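I opened this model to see how its parts pack together. My notes follow in the order I looked things up.

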Amino acid sequence: MSSNERKNDQSIKADEPSWRFAKIQSTSVASINRSEDESDVIDKASFFNKAEGKSEGQPKEDYADEEANLWSPKTVRTVPAFYPLEKSSRFIEDDHLSVASRLSECLRVLSVHATYNDEIATASLVTGENVEMHLSLWKTSGVEGTKYPAGIVVELQRRKGDSIVFHRYSRYILDAAMGEFDASEFQKATGGDVAHMYTKKAERMLKMQTGKPAANEEESAIIAVEIAHGLLMKDRMDARQLGLESLCLLTDPAKTGITTALIASHVVLLGTAQGATSTAEDSVIFDESPFQEIRETVLSLVQLRRIGDETELSEGEDDRSEDDDFEGKHFQEREYMSLLHNLALAVIANALEVVENIDSGDPEPETTGTNPKARVESSDITSAFMNEGKEITSKEILSTLISELGKAAKKPHNATLSAKCLSSLMGASDDARRRAKELGAKNVVSTALDVGVRTHAKLETECKKVVRVLTQQETEEENQQEDEEN
């Protein structure tokens, strides 16, 4: 090897790692504004916060506003890129204010509680069956070659609850968005009940069961009530919910028949089936301790918002937040207890209606050979229910119902059930009418009626019934005074 080659080899060095640095310059304000206007990238956090009404400075609902029932979206978002629309959506060639007006009126007629967000044209919906939905208005770009021309897309999503009930409501809501919903025809055909057609089918099936012995029907009813009791006494959330939903069905004569509904209503109100079953010597013998536990559980949920020995919501927690009756508890537990509270109100409302109307009978009675009548007067049942209920919970049921009715703006479904309970109690008992008047029911009902007229048709109907009963009492008192003077 020559000397030159040795020098070249010595000059060659092994490769060494090298480090490079890049300076990242801060983005100017102009570029930020430009990217927000021109970029298709979505800020997911702000997007979903706005969609759920969490934008800063924007209240979810302002009940003091006289126009709170109107939905007037300020802006409508364009359908995002790569956003799959639900099948429950409709394209409408109309302006967004007209579409929103038709939707808000439809939701009022359907008695759906809606929380509107005018900033981004969305609404959170809750039905009386506790089905939660999300309604959104989108605008299309109107660019040639796209699927939709310029217009509005109405999208309805189910967030929670029964999918079958969701589809019943979605048909009416989407038809209303397209201008194909007639409120007067809906009221005339269904009486304001979305499930009217299916309820009528159930009634026809019940009438087909002719010749069924009364003793067998009573025994079946008692077994069904005992099954509901077993579910209520479990410590699982789903079991308790199923138990209350079972009682809702059992106390509805349109779905179970008059005999079953009467027995279940006596159990809920009095803690006993005596007076609702036959008095024959071969009548069914049963243990009534489960029936008493059912009554205690239902009253506890309505008045104390708890089951058994669970921790009761303290007054401090109740006053801490006006928007939530269960602020001190975990979110899931608050939501769960709110659902049970609503179901318990529905059970009592059904039971009181059965007891109030049982003497008048069914306009289309079942042809079963027997049409059971309450052996205890409705006034005696309601008086016993109010007095014994106060002994169980140490709270007056009328005061609880009037208080619940006072929250109509925030919880119209609960207020509707409370008004239904009040009209039944006052319609059957003079003492209940006098006591409700002393508790200031007239002013509370008047306020709730205003809310119903604006936003909730069923609440409006039930409040008018309460007003009618209170007016009837005042008329009777005036006539009595005139007779005494004469």
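What percentage of the 486 residues in the protein chain is buried? I get 43%. I keep in mind that this is a predicted model.

**Entry 1, overall make-up.** I went through the secondary structure next. The protein chain has 20 helices and 6 strands. I then looked at contacts with a separation of 6 or more; 69% of them join residues 24 or more positions apart.

I looked up the largest nonpolar core, and it holds 72 residues. Leu247, Leu269, Ile348, Phe385 and Leu405 touch the most other members. Helix α14, residues 331–357, gives this core its largest share, 15 residues. There is also a second, separate core of 33 residues, with Ala100, Ala123, Tyr169 and Ala176 among them.

I checked phenylalanine 385 in detail. Leaving out residues up to four places away in sequence, I find that Phe385 touches Leu269, Leu270, Leu299, Ile348, Leu352, Ile397 and Leu425.

α14 and helix α15 (residues 378–393) pack at about 150°, and their axes are 9 Å apart. Angles over 145 degrees count as roughly antiparallel, so I log α14 and α15 as roughly antiparallel to each other. Their crossing is left-handed. From α14, the contact uses Ile348, Leu352, Val355 and Glu356. From α15, Ser378, Ile381, Thr382 and Phe385 take part. I sorted the residues of this contact by class: 5 nonpolar, 2 polar and 1 charged.

Helix α9 covers residues 237–250. I find an angle of about 20° between α9 and α14, with the axes 9 Å apart. Angles under 35 degrees count as roughly parallel, so α9 is roughly parallel to α14. α9 crosses α14 in a left-handed sense. On the α9 side I list Met237, Arg240, Gln241, Leu244, Glu245, Leu247 and Cys248. On the α14 side I list Tyr336, Leu339, Leu340, Leu343, Ala344, Ala346, Val347 and Asn350. The contact of α9 with α14 has 11 nonpolar, 2 polar and 2 charged residues.

I looked up which helix holds proline 253; it is α10, residues 253–256. Is proline 253 buried, exposed or partly exposed? Its relative accessible area is 35%, so I note proline 253 as partly exposed. I also checked the pair proline 253 and valine 354: they are 101 residues apart in sequence, and their C-alpha atoms are 7.5 Å apart in space.

Technical notes:
Residues numbered from 1 in each chain as written. Predicted model: local features only at pLDDT ≥ 70, side-chain atom pairs only at ≥ 80, totals over all residues. Heavy atoms only, no water. Helix = DSSP H or I, 4+ residues; strand = E, 2+ residues; numbered from the N terminus. Buried < 20%, exposed > 50% of the residue type's maximum accessible area, 1.4 Å probe, protein only. Core = buried A, V, L, I, M, F, W, Y, C linked by side-chain atoms within 4.5 Å. Contact = heavy atoms within 4.5 Å. Axes fitted to C-alpha atoms, helices over the stretch in contact; angles between N-to-C directions. Parallel < 35°, antiparallel > 145°, perpendicular 65-115°, else oblique. Left-handed = near helix turned anticlockwise from the far one by under 90°. Nonpolar A, V, L, I, M, F, W, Y, C, P; charged D, E, K, R; others polar.
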